[in-house]
There are 2 protein chains.
Amino acid sequence: MKRYRKEYEFSYALGMTVTFELLLSRPKSLRAVYVHPAVTKNDNYFKLIEKCESLGISPTESEKAFNILSPKENCFVIGEFEKYSMALDEGEPHIALVSPMNAGNVGTIMRTALGLGYENIAIIEPCTDPFSPEVVRSSMGAIFSLNVEVFKSIDEYRARFEHKLYPFMLTASLPIEQVEFVPPYALVFGNEAHGLPEEFAALGQSVIIPCTDKVDSLNLSIAAAIGMYEARKRTV
Amino acid sequence: MKRYRKEYEFSYALGMTVTFELLLSRPKSLRAVYVHPAVTKNDNYFKLIEKCESLGISPTESEKAFNILSPKENCFVIGEFEKYSMALDEGEPHIALVSPMNAGNVGTIMRTALGLGYENIAIIEPCTDPFSPEVVRSSMGAIFSLNVEVFKSIDEYRARFEHKLYPFMLTASLPIEQVEFVPPYALVFGNEAHGLPEEFAALGQSVIIPCTDKVDSLNLSIAAAIGMYEARKRTV
């Protein structure tokens, strides 16, 4: 039991809900389950224990695990899992996140994507570690039901996939309400602070979400949500 | 200079961007500006100083203010402001947040609302303090351009306004794509963990944002963003 580091081959699902998603969606990757001595032994707890046992894992009662991994949080169950590799599905629409740095944003986008029917997420380096406990937790466990693949550059992604790119840019001239999304497509979103570099406009049909002039831009996870929601409706 | 508490008559804008919004949108509420000795003296900094001086405020250089108010954050400018009261505009659409508890969600919703053209936010108690530095910061200063009013209950809100209510509920049967939003209207969103109580269905036309069955629900700030975005388009 060690504080998480990106180079480790394992990571942690913090919390009951997230650990449940791990057990249900990636049971083969499960290495251990830790339970806090003060956990409330309610129905969900017993369901969790039952599910662990059906997978041949005995939960370990340990306060120490929580002190190390979740010192400040209201967290009573931790799942430890082996990282796994996932390849994006060629025939499905993709979400491409270029250099996202905020774990909360990436996790929230994962959860939104799964809710709106997008199951393939490309992440372009440099980026926050998509397997960090913060991303896993912000995704509410959605990461365990998605294909998430990290690429060194947008060129590496483009060499692998023929998806038509729709870069979301503040400098784009076409409002999303006028775009036709032609499958297979990728919705491309930039970094929280800087958006996408200008050269992305040449890689596909750039798109803007119309906004008042009273804000500089929408939050990344909000823009991605509106983009995913509207693109689904406007897919031809 | 004291750590913020809800009962104080003043609060703080943490960071250069947020303080700038305060100076531009609520100059009369400004009480003081603190600058960290290590602030980068770039163009934005000099613009800030100039703006302060035009308002008759001399920024105070102080490291202590930052240790107290923003010990962990990458923050070099703080604006202190007197809280003010704001009344919602009767003729405009409203966003009503019922018992939101997470400051980041409320701030993000404020920023999204301002970006999508909603300038009136009702918040129903119990709720997170909308003037807390966390909300102000998450809003990126959008709060200074909005009318935000806190109500003791939804009944108190309904006694003041005749807005047609559209409660967003997972148990609603009408998908948002089939709703006509009749002005003046209020989009009503529930608490992060529990959503809206069932009795809200009787208060107006309940609405659901269609989702896959792979997530329990969308994050509150995401649902509010999609709701605001689509309602604008479907206003009759």
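Let's start with Arg31(B), which is partly exposed, with a relative accessible area of 36%. In this predicted model, the side chain of Arg31(B) meets that of Glu80(B) in a salt bridge, at 2.9 Å from N to O. Arg31(B) sits in strand β2 (residues 30-35) of chain B and Glu80(B) in strand β4 (residues 77-82), so the bridge ties together parts that are 49 residues apart in sequence. Glu80(B) counts as buried because its relative accessibility is 6%, under the 20% cut-off.

Now look at chain A. Glu80(A) forms a salt bridge with Arg31(A), and their closest N and O atoms are 2.9 Å apart. That pair links strand β4 with strand β2 of chain A, 49 residues apart. Here Glu80(A) is buried at 6% relative accessibility, while Arg31(A) is partly exposed at 37%.

## Helix α7

Helix α7 (residues 220-233) of chain A has 14 residues and reaches 20 Å from its first C-alpha to its last. Of those 14 residues, 12 are buried, so the helix is largely enclosed by the rest of the structure. One of them is Tyr229(A), with 4% relative accessibility. Tyr229(A) lies 6.6 Å from Leu116(A), C-alpha to C-alpha, though they're 113 residues apart in sequence.

In chain B, Lys233(B) and Glu230(B) are three residues apart in helix α7, which means about one helical turn separates them. Salt bridges that share partners join Glu230(A), Lys233(A), Glu230(B) and Lys233(B) into one network.

Glu92(A) is in the loop between β4 and β5 of chain A.

Conventions. Residues numbered from 1 in each chain as written. Chains lettered and ligands numbered in written order. Predicted model: local features only at pLDDT ≥ 70, side-chain atom pairs only at ≥ 80, totals over all residues. Heavy atoms only, no water. Helix = DSSP H or I, 4+ residues; strand = E, 2+ residues; numbered from the N terminus. Expected span 1.5 Å × (residues − 1). Buried < 20%, exposed > 50% of the residue type's maximum accessible area, 1.4 Å probe, protein only. Salt bridge = Lys/Arg side-chain N within 4 Å of Asp/Glu carboxyl O.
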